[in-house]
Amino acid sequence: MKDTHWIIGPGAIGRLLAHSLSPLTTTTLIGRRALPEQQVVTTPEGEQRLQRLKLYTLEQIALKANGLPCYVHITAKAMAAEAALASLADVIPATTPLVLWQNGFLAQPRITQAWPGPVLCATTTEGAYLTGDDGVVHAGRGHTFIGDLNNQHGGLAQTLAQTLNQAGLAATAVDDIRSRLWQKLAVNAAINPLVALNGVRNGELRDAAYSGQVEAVVKEVAAIMLAEGIQPPKGATDENAWLSMVWQVVRNTANNKASMLQDVAAKRPTERGAILGPLIERAEHHGLSCEVLNGLNREIEALEARYLS
Ligand code: KPL
């Protein structure tokens, strides 16, 4: 029997997953509003593929779903992940494996603690963006790491990684997903708020006007990571390792409009609560200075208030 995957959150990663998994699994993409079933994915090589996806709204899924899912992928944004799960909680058994695809470190520990079934977390460098209600561009191939915060579901993570690999999305099951989520969060904290506040692409952070601010954020982040026992990917523990990792991502993504900049431009709530929130909370817990992070959080909050109110 084919695996059954439900994906809740038809954003860029949700649709990329649906396009990739649909040919080899029974996949349903679930959103709040109806979307056209004919969907186009543009591959990193520029080829356009038309595919009929199974798309349901939250109201339809309870009535129309034929069988229960083997996995529920939650690809809604960090602030919406718990609400997305709550909207399915009466439809799926509480033993259903979940896969959380959020940035930051907010939804993951909360859902891991609250959900009785297995909760896998995924962190991905796949690049994708939407081009409207019926299109997603797979802008760059990346890699996805999968694991659970308590290292209890290694076999399940392996099985899912195998399925993703077969679907054309490179994936590896890991036993250090917590560190990997924090490492990504550290990079996001150094890049996203500054580019969102200044309306610049990632590469512009190298300009003299911003580079000092990047360094000031990384200084606070590095101290928090040290206190939390999170090492930068290359294994060093000094501040320079975090800084060089951030500059490397800035270089690699120089032309990107970071997700927080895109959120601000589209007048959507940002992921500041999932990115800056856990860092500030941990800094306060360890009695560390987080003036710069707090300042950025307040500025983004004020910016959001101008368009959300
Ligand atoms: O993950 C990203 C994002 O945009 O959220 C970075 C690494 C900053 C690349 O743009």
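Colleague: How far is an oxygen atom of the ligand from an N or O atom in the side chain of Asn192?

Modeller: This is a predicted model, where local features need pLDDT of at least 70, side-chain atom pairs count only at pLDDT 80 or more, and totals for chains, interfaces and linings use all residues. Numbering runs from 1 along each chain as its sequence is written, and side-chain values use heavy atoms, without hydrogens and water. A polar contact is a pair of N or O atoms within 3.5 Å. For Asn192, the distance to the ligand oxygen is 3.1 Å.

Colleague: Which residue has a polar side-chain atom 2.5 Å from an oxygen atom of the ligand?

Modeller: The residues around the ligand (a heavy atom within 4 Å) include Asn188, Asn192, Asn202 and Ser259. The side chain of Asn202 places an N or O atom 3.0 Å from a ligand oxygen. The 2.5 Å distance belongs to Ser259.

Colleague: Is H6 roughly parallel or roughly antiparallel to H7?

Modeller: Helices here are DSSP runs (H or I, at least four residues), numbered from the N terminus. The axes, lines fitted to C-alpha atoms over the stretch in contact, of H6 (residues 177-198) and H7 (residues 208-228) come within 10 Å and cross at roughly 155°. Angles over 145 degrees, on a scale from 0 to 180 between N-to-C directions, count as roughly antiparallel. H6 is therefore, relative to H7, roughly antiparallel.

Note on methods:
Helices (H or I, at least four residues) and strands (E, at least two) are DSSP runs, numbered from the N terminus. Angles under 35 degrees count as roughly parallel, over 145 as roughly antiparallel, 65 to 115 as roughly perpendicular and the rest as oblique. A polar contact is a pair of N or O atoms within 3.5 Å; within protein, one must be able to donate a hydrogen and the other to accept it, and residues adjacent in sequence count only if both atoms are side-chain atoms.
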